[in-house]
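Good morning, and thank you for making time for this presentation.

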Protein chains: 2
Amino acid sequence: MPIQIILFDDNKHIRESLAMLFLSDNDFHLCGAYENAESAEDLIAITKPDVVLMDIDMPGKNGIDAVADIHKRFPDLPIIMLTVFDDADRVFTSLRNGALGYMLKSSSPEKLLEAIKDVYSGGAPMSPSIARKVMFRLQTESPGKPEDYQLTAREKDVLALLVDGLSYKMIADKLDIGFETVRSHIKKIYEKLHVQTMTEAVSKTLRERLL
Amino acid sequence: MPIQIILFDDNKHIRESLAMLFLSDNDFHLCGAYENAESAEDLIAITKPDVVLMDIDMPGKNGIDAVADIHKRFPDLPIIMLTVFDDADRVFTSLRNGALGYMLKSSSPEKLLEAIKDVYSGGAPMSPSIARKVMFRLQTESPGKPEDYQLTAREKDVLALLVDGLSYKMIADKLDIGFETVRSHIKKIYEKLHVQTMTEAVSKTLRERLL
DNA sequence: AGTTTTCTCACCCTAATTGGGGATGCGATA
DNA sequence: TATCGCATCCCCAATTAGGGTGAGAAAACT
């Protein structure tokens with residue numbers, strides 16, 4: 001049986017050309033095409049599509065908010081965003097809101113059909129240029145190779161507890177060592193991390209994902 | 001001119017079939033195929049490829065470490081990882097280490113050629129099943145909506161500087177307010193965040209991505 | 001094997017910073 | 001008017017930072 005598709009796009013031309021596209025291929029069936037996502041949730045509840053195609057900018061309720069609502073109510077329903085611009089921020093917001101795929105409108109009809117099949121069978125299709133942005137964010141948000149400050153195992157223990165917000169005394173208790181010993185370790189840690197206060201140490205540790 | 005490709009894969013069969021693939025297409029030229037990545041950096045320096053194909057598991061130096069080294073020395077050289085399993089952790093480590101694309105060996109030769117073209121022209125090709133994992137991580141690692149502790153603008157200013165490791169006095173200077181004022185703000189912040197020390201505040205702020 | 005370095009632990013003293021209580025004034029906003 | 005944000009000040013106790021010293025054990029060098 002064909003994959004049931006619902007489409008939200010304010011551009012009449014796009015709606016019609018996609019309708020033609022799906023008509024010409026028996027693997028797909030367009031069960032609805034709407035110019036806004038205002039009552040998207042109800043329409044989905046009625047037509048029960050397998051895949052949602054959602055334009056990112058639409059008058060009224062925009063695609064990004066619509067995705068959030070749809071995803072909340074139908075968590076397993078795959079949603080593919082359609083866009084003309086590969087604006088990094090909106091890509092991200094959409095993805096975080098629950099969209100699975102992200103296709104540029106400029107990509108070929110074949111690619112779109114392929115993307116729908118992908119998303120229907122558990123993949124997450126993205127235009128390569130979009131994937132690149134996603135990855136860039138991923139790389140900068142998780143700064144891979146942490147610099148190695150050569151902390152000893154014990155120092156890492158202490159630092160971990162420090163980061164958890166414990167005081168010297170509490171750390172001493174937890175590690176079953178003396179208060180002054182904790183201090184010695186912390187002095188060494190500061191030296192190695194090139195910091196001089198607890199907050200700097202905690203901040204550096206979390207930001208650079210040490211430990 | 002054809003895209004110059006260098007390949008690292010310990011499986012002789014794969015090396016040979018890819019060699020055949022590139023021979024049959026004039027858009028590509030395999031300028032080297034090696035069974036390990038031990039001296040990858042030097043080989044790259046000599047053969048000057050446009051794209052690197054790197055198997056993820058190899059005896060000796062594994063592909064993940066190799067990527068890190070190659071990316072460090074040739075930051076603009078695109079690297080595509082090849083793998084049989086779409087193991088989420090290794091995907092991520094590779095991506096963080098600088099790989100741009102990530103293809104399953106099970107994908108078709110056409111897809112691989114396409115991926116090479118994509119990466120060469122600035123995209124980031126990924127198998128949809130891999131992209132899904134990437135997105136999943138992205139969604140769970142950036143925990144959408146942070147709890148709102150109702151901090152005032154001024155309190156956020158203070159908290160930001162606190163997180164940067166500044167002392168009360170330094171914050172006072174920077175914000176051009178009195179030392180005691182900083183203290184009162186911080187007291188309020190602690191109250192709102194339900195913490196009682198600087199480290200707890202910093203830790204909570206960074207971990208929950210407040211600000 | 002012998003020496004040196006490193007890690008862990010512990011203690012001292014002093015100065016600076018921080019945290020928990022207050023209280024007060026002023027302007028904006030509700 | 002009453003609350004809220006923002007700014008300022010006070011005191012006091014606790015915590016933290018910087019400067020040392022030193023001992024015992026394990027790891028690394030020679």
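Let me start with a convention: angles under 35 degrees count as roughly parallel, over 145 as roughly antiparallel, 65 to 115 as roughly perpendicular, and the rest as oblique. Axes are lines fitted to C-alpha atoms, for helices over the stretch in contact, and angles run from 0 to 180 degrees between N-to-C directions. This is a predicted model, in which local features need pLDDT of at least 70 and side-chain atom pairs count only at pLDDT 80 or more, while totals for chains, interfaces and linings use all residues. Residues are numbered from 1 along each chain as its sequence is written, and chains are lettered from A and ligands numbered from 1 in the order in which they are written. Helices (H or I, at least four residues) and strands (E, at least two) are DSSP runs, numbered from the N terminus.

I begin with a helix pair in chain B. Helix 2 (residues 40-47) of chain B packs against helix 3 (residues 63-73) of chain B at an angle of about 40°, and their axes are 10 Å apart. Helix 2 of chain B and helix 3 of chain B are therefore oblique to each other. Their crossing is right-handed, that is, the near helix is turned clockwise from the far one by less than a right angle. Helix 2 of chain B contributes B:Ala40, B:Glu41 and B:Ile44 to the contact, and helix 3 of chain B contributes B:Ala66, B:Asp69, B:Ile70 and B:Arg73. Contact here requires C-beta atoms, placed from the backbone, within 7 Å.

In chain A, the axes of helix 7 and helix 8 come within 10 Å and cross at roughly 130°. These two helices of chain A are therefore also oblique to each other. On helix 7 of chain A the contact uses A:Asp157, A:Val158, A:Leu161 and A:Leu162; on helix 8 of chain A it uses A:Ile171, A:Lys174 and A:Leu175. By class, this contact has 5 nonpolar, no polar and 2 charged residues. Ala, Val, Leu, Ile, Met, Phe, Trp, Tyr, Cys and Pro count as nonpolar, Asp, Glu, Lys and Arg as charged, and the others, Gly among them, as polar.

Next, the sheet. Chain A has an open sheet of 5 strands in the order 2-1-3-4-5, with parallel pairing; pairing needs at least two DSSP bridges between two strands. Strand 2 (28-34) and strand 5 (101-104) of chain A are at the edges with a single partner strand each, so one side of each has no neighbour in the sheet. From one strand to the next, the twist averages 25°.

How many residues does each chain give to the contact between chain A and chain B? Chain A gives 34 residues and chain B gives 35 residues. Helix 6 of chain A supplies the largest share of the chain A side, 8 residues. That side divides into 16 nonpolar, 11 polar and 7 charged residues.

Finally, the DNA. A residue is near a strand if its C-beta atom, placed from the backbone, lies within 6 Å of it. Around DNA strand C there are 19 residues, of which A:Thr152, A:Arg154, A:Gly178, A:Glu180 and B:Gln196 come nearest. The largest share of that surface, 4 residues, comes from helix 9 of chain A. Around DNA strand D there are 18 residues, and A:Gln196, B:Thr152, B:Ile177, B:Gly178 and B:Glu180 come nearest.

Methods:
Contact = placed C-beta atoms within 7 Å.
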